[in-house]
Amino acid sequence: MTAHRNAGAGARVAVVLFTSDLRLHDHPPLRAALASADEVVPLFVRDPAVDGAGFASPNRLAFLADCLTDLDAGLRERGGRLVVRHGDTVAEVLRVAREAGAGEVHVAAGCSAFAHRRETRLRGALEGDGRRLAVHDGVVTVLPPGRVTPSGSDHFAVFTPYYRRWSAEPLRSPAGAPRAVAVPAGVRSEAVPARAGVASVSGGLAVGGEREGRKRMSAWLSRHVGAYGDRHDDMAGDVTSRLSPYLHFGAVSATEAVHRARALGGPGAEAFVRQVCWRDFNHQLLNARPSVSSEDYRPRQDRWRTGTAAGADLAAWKEGRTGYPVVDAAMRQLAHEGWMHNRGRLLTASFLTKTLYLDWREGARHFLDLLVDGDVANNQLNWQWVAGTGTDSRPNRVLNPVLQGRRYDPEGTYVRRWVPELRGVAGGSVHEPWKLPEGERDAGGYPAPIVTLAEGLERFRQARARG
Ligand code: FAD
């Protein structure tokens, strides 16, 4: 890599633009910048266009603030600091590069249409100014999108063959954090955002940041990964890694998580690695077909319900008042924590798109409003998968919330945790409150089901048969 000498100062300077990679460990752009330059400007730009595109939400902004605060602290321990700017990313990067006399800018490759446009504009602006953009693959995901493809296509549409090819690819070795980061003097920074400055944050939101993420990764891998294969669907047990927000913001490296799990070995570790591969799978799909963020990957000619009754059903679903306890428990967990167990995501999404026959985009929007790990690739493509417009080979399967509750929350513990109206109901009978004697059923004012499952199923089957 050629480094540009800054005529004025004599020192070689590079900018590292942090985006979805808010960490110091295993960070190829930072390492490359430190290898080629004497001084580095670690830069984060708060871009109003990101907010405008719907990526910002209180929970994610609060978690982002934690991540930036922690990144700044980590850089300060190494003699540096984080430079924060507000404005159009391209304009700000160019401005910082000029102020610092930086010859090159390093950034991780992104997977969304938004990231692609930003990259193209950034390259144009920097090259037009005699500077260079270095884009680093495999930072956000384990494998760069497009690294493995089936014959005749630019992406995999079926997970299992993707997983097979993905597993066989060699991984780069995760790198440690740098010992020192020298930042040129005199580069202006705005204050690093603080979580306290963000309003309307979910009360039970996790703490963000690389340190917290790494602590969580180490603790979970040593204590829980062994049982992950058997227990990942246990809603009350809640023993999945909860690393999703750290992976979303890049506070934890997905590559490092895979390395460490594989080093431990065993079926639990492999089941965990397989889930991380789903993340890559969705990113390679979004990368190849950016339109799937809003358009059906496989259209089924759905004419989703609209109008007053549909609006009331959507509101009940959002509020966790559908009358189906496990659905309502999961929706309330989402509101309280900004996170939901994967089994909850599956069954609430199935309930919305199939039992209520409401557009998956409505559900995806609500999830993105609240999920701290909410991201376009994983959220939109999982929604499409459940709605049957994505890559599921059984697009018309419908999850029955009563059977799901009985299976994945057999004692009803998860429901009672989140639905206080039902705390007096013992055991698994909590999943069918309408079967309880009247006195018990009415306790706490828990609503009656907004639709019967038979009605919902019939409506969905007819709609898909028409299509
Ligand atoms: P673990 O079970 O510990 O899995 C480890 C990691 O693997 C996760 O942190 C995540 O990065 C990845 N992963 C696991 N399952 C999936 C999956 N199905 N698809 C893609 N990656 C996966 N995940 C998000 O990160 N962001 C989202 O916006 C998101 N929206 C979803 C919407 C719906 C309707 C559904 C059904 C799933 C969604 N998921 C999303 C996937 C999954 O539910 C979460 O990643 C998982 O529940 C996070 O918990 P965890 O970190 O404990 O996961």
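The side chains of Arg231 and Asp234 meet in a salt bridge, with N and O 3.0 Å apart. A salt bridge here is a side-chain nitrogen of Lys or Arg within 4 Å of a carboxyl oxygen of Asp or Glu. This is a predicted model, in which local features need pLDDT of at least 70, side-chain atom pairs count only at pLDDT 80 or more, and totals for chains, interfaces and linings use all residues. Residues are numbered from 1 along each chain as its sequence is written, and side-chain values use heavy atoms, with hydrogens and water left out.

Stay with that pair for a moment. Arg231 has 35% relative accessibility and counts as partly exposed. Asp234 is also partly exposed, at 25%.

Arg231 sits in helix H8, residues 228–231. Helices (H or I, at least four residues) and strands (E, at least two) are DSSP runs, numbered from the N terminus. Now look across from Arg231 to Gly268. The two are 37 residues apart along the chain, and their C-alpha atoms are separated by 9.2 Å.

How many salt bridges does the structure hold? There are 34. One of them joins the side chains of Arg132 and Glu104, at 3.8 Å from N to O. Arg132 lies in strand S5 (residues 132–136) and Glu104 in strand S4 (residues 104–108), so this pair ties together parts that are 28 residues apart in sequence. Is Glu104 buried or exposed? Glu104 is buried, with 1% relative accessibility.

Next, find Asp129 and Arg131. They form a salt bridge whose closest N and O atoms are 2.9 Å apart. Asp129 is partly exposed at 25%. Arg131 is buried at 18%. Salt bridges can also link up. Arg85, Glu92, Arg95 and Glu99 are joined in a network of them.

Now turn to the ligand. Around the ligand stand 28 residues. A residue is near a molecule or strand if one of its heavy atoms lies within 4 Å of it. Which residues come nearest to the ligand? They are Tyr228, Thr240, Ser241, Arg242 and Asn342.

Several contacts can be picked out. A polar contact is a pair of N or O atoms within 3.5 Å; within protein, one must be able to donate a hydrogen and the other to accept it, and residues adjacent in sequence count only if both atoms are side-chain atoms. Tyr228 places a polar side-chain atom 2.5 Å from an oxygen atom of the ligand. Arg345 has a polar side-chain atom 3.4 Å from a ligand oxygen. With Asp375, a polar backbone atom lies 3.1 Å from an oxygen atom of the ligand. Taken alone, the ligand exposes 810 Å², and the protein buries 98% of that.

Which helices build this shell? Helix H9 (244–248), helix H11 (267–288), helix H14 (342–355) and helix H16 (376–387) each supply at least two of its residues. H11 gives the most, with six residues. The shell also draws at least three residues from each of domain 2 (141–171 + 211–288) and domain 3 (308–466). Those domain bounds come from an automatic or database domain assignment. By class, the shell has 13 nonpolar, ten polar and five charged residues. Ala, Val, Leu, Ile, Met, Phe, Trp, Tyr, Cys and Pro count as nonpolar, Asp, Glu, Lys and Arg as charged, and the others, Gly among them, as polar.

Look again at helix H11, where His283 lies. His283 is buried, at 7% relative accessibility. His283 and Asn378 are 95 residues apart in sequence, and their C-alpha atoms are 7.3 Å apart in space.

Last, check the backbone. Most residues other than glycine have a negative phi. Asp26 has a positive phi, near 45 degrees. Asp26 lies in the loop between strand S1 (13–18) and helix H1 (28–36). At 1% relative accessibility, Asp26 is buried. Ser200 has a positive phi too, near 60 degrees. Ser200 is found in the loop between helix H6 (159–168) and helix H7 (210–223). Is Ser200 buried or exposed? Ser200 is exposed, with a relative accessible area of 66%.

Technical notes: Buried < 20%, exposed > 50% of the residue type's maximum accessible area, 1.4 Å probe, protein only. Areas by Shrake-Rupley, 256 points an atom, 1.4 Å probe, with all protein chains shown as cover.
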